[in-house]
Amino acid sequence: MMENELAALSWHDRKVREPLKARVLEELSSLHIAPDIARSLAALAPRRTNLEDPSNLPLALLIKHLPVVEQLHTVNPGIVAVVGPTGAGKTTTIAKLAARWSMRHGSQDLAMVSTDCYRIGAREQLMTYARLLGAPMHVANDGPQLAKVLQHLRAKKLILIDTAGMGPRDRRLSEQLAALQLGAARAQVLLALAALAEAQALDEIVRTFARVAPAACVLTKVDEAANLGGALSAVVRHRLKIAYLCDGQRVPEDLHSAHRRRIWLVRSAMQLRAKAPPPGNDAYLARQFGRVHAHG
Ligand SMILES: Nc1nc2c(ncn2[C@@H]2O[C@H](COP(=O)(O)OP(=O)(O)OP(=O)(O)O)[C@@H](O)[C@H]2O)c(=O)[nH]1
Ligand SMILES: [Mg+2]
């Protein structure tokens, strides 16, 4: 009890002495941003601000430090593999990327590969999109087969590899990631992260898939998330750049460049706050941020 009271006192003191930083902590917490990320962003807050409206500072900091891929108009040519947990939107993202590409360049230089030999219907799903776009679709069951398929497709400018969805604790994941490393070492890996997943789950996913060194992530299901704090915290914590945002099932309309949409993303996080009650009442803030101050 005494500890709580001390934390409350120290949080109150902090609000008086460092109003801007306290404001950042308060505002970011209300967006469900994790305390460690709120703290590290608050540390970057100036003592004074020349912003016309200082209440914009927390969001300005978040927008500034949100890792996004900057030079992205559409997909870069090459080999792109999309990995991630089950149902994160990998195949749909591949369909969106493929459709975007073929709208710009036609489908003659495009191919798709499925390495999903686990889920019934997974290949058919990709095949349906490939047929619609008039692009070839190949399958590969392991690393050597994947290498062979990619060799066969070497003249193509964009090859999109769809992988089987597996959670971070799935024993087969290691096997699948090894096959990808062996068969498609040159592939740029995109990690599909569903924004609606829980903060801790997202964190575990990012840590597990770091093994295949994702170049960036695709934040999917932004339209379905109750709050965006978990997803935003995970990408900032792991400095994982967001390449694309997906906010619906439509192919390809619901795929957007994250760089162009970063302000929109932070605004969406704010709008969601109106719907979901924030955790940031004074007792919560004192517990999270009071003691840090008390310890210096
Ligand atoms: N609302 C919404 N739904 C999406 C989005 N992206 C994908 N979906 C839907 O989510 C479901 C799963 O998408 P898939 O693309 O099959 O996911 P996956 O990661 O390939 O799934 P597995 O291969 O089974 O691991 C489908 O119904 C998609 O239409 C999105 O951004 N928003
Ligand atoms: Mg799939």
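The shell around ligand 1 is made up, by class, of four nonpolar, ten polar and eight charged residues. This description concerns a predicted model. Of the 22 residues around ligand 1, those that come nearest are Gly89, Thr91, Thr92, Gly165 and Cys246.

**Ligand surroundings**
- Helix H5, which spans residues 90-105, supplies the largest share of the shell around ligand 1, namely three residues.

**The sheet**
- Strands of a sheet pair through backbone hydrogen bonds, in either a parallel or an antiparallel manner.
- In this model, eight strands form an open sheet with mixed pairing, and their order is E3-E2-E4-E1-E5-E6-E7-E8.
- Strand E3 (137-139) and strand E8 (255-257) each have a single partner strand because they stand at the edges, so one side of each is left without a neighbour in the sheet.
- On average, neighbouring strands of this sheet are turned by 25° against each other, direction ignored.
- Strand E5 (residues 188-194) pairs with strand E6 (residues 216-220) in the parallel sense, over five bridges.
- Alanine 192 has valine 218 in E6 as its bridge partner.

**Packing of two helices**
- The packing of two helices is described by the angle between their axes and the distance between the axes.
- Helix H2 (residues 19-30) packs against helix H4 (residues 57-65) at an angle of about 70°, and their axes are 8 Å apart.
- H2 is therefore roughly perpendicular to H4.
- On the H2 side, Leu20, Arg23, Val24, Glu27 and Leu28 take part in the contact, where they meet Leu57, Pro58, Leu61 and Leu62 of H4.
- By class, this contact of H2 with H4 has seven nonpolar, two charged and no polar residues.

Notes
Residues are numbered from 1 along each chain as its sequence is written. Chains are lettered from A and ligands numbered from 1 in the order in which they are written. This is a predicted model: local features need pLDDT of at least 70, side-chain atom pairs count only at pLDDT 80 or more; totals for chains, interfaces and linings use all residues. A residue is near a molecule or strand if its C-beta atom, placed from the backbone, lies within 6 Å of it. Helices (H or I, at least four residues) and strands (E, at least two) are DSSP runs, numbered from the N terminus. Ala, Val, Leu, Ile, Met, Phe, Trp, Tyr, Cys and Pro count as nonpolar, Asp, Glu, Lys and Arg as charged, and the others, Gly among them, as polar. Two strands pair if DSSP finds at least two bridges between them. Axes are lines fitted to C-alpha atoms, for helices over the stretch in contact, and angles run from 0 to 180 degrees between N-to-C directions. Angles under 35 degrees count as roughly parallel, over 145 as roughly antiparallel, 65 to 115 as roughly perpendicular and the rest as oblique. Two residues are in contact if their C-beta atoms, placed from the backbone, lie within 7 Å.
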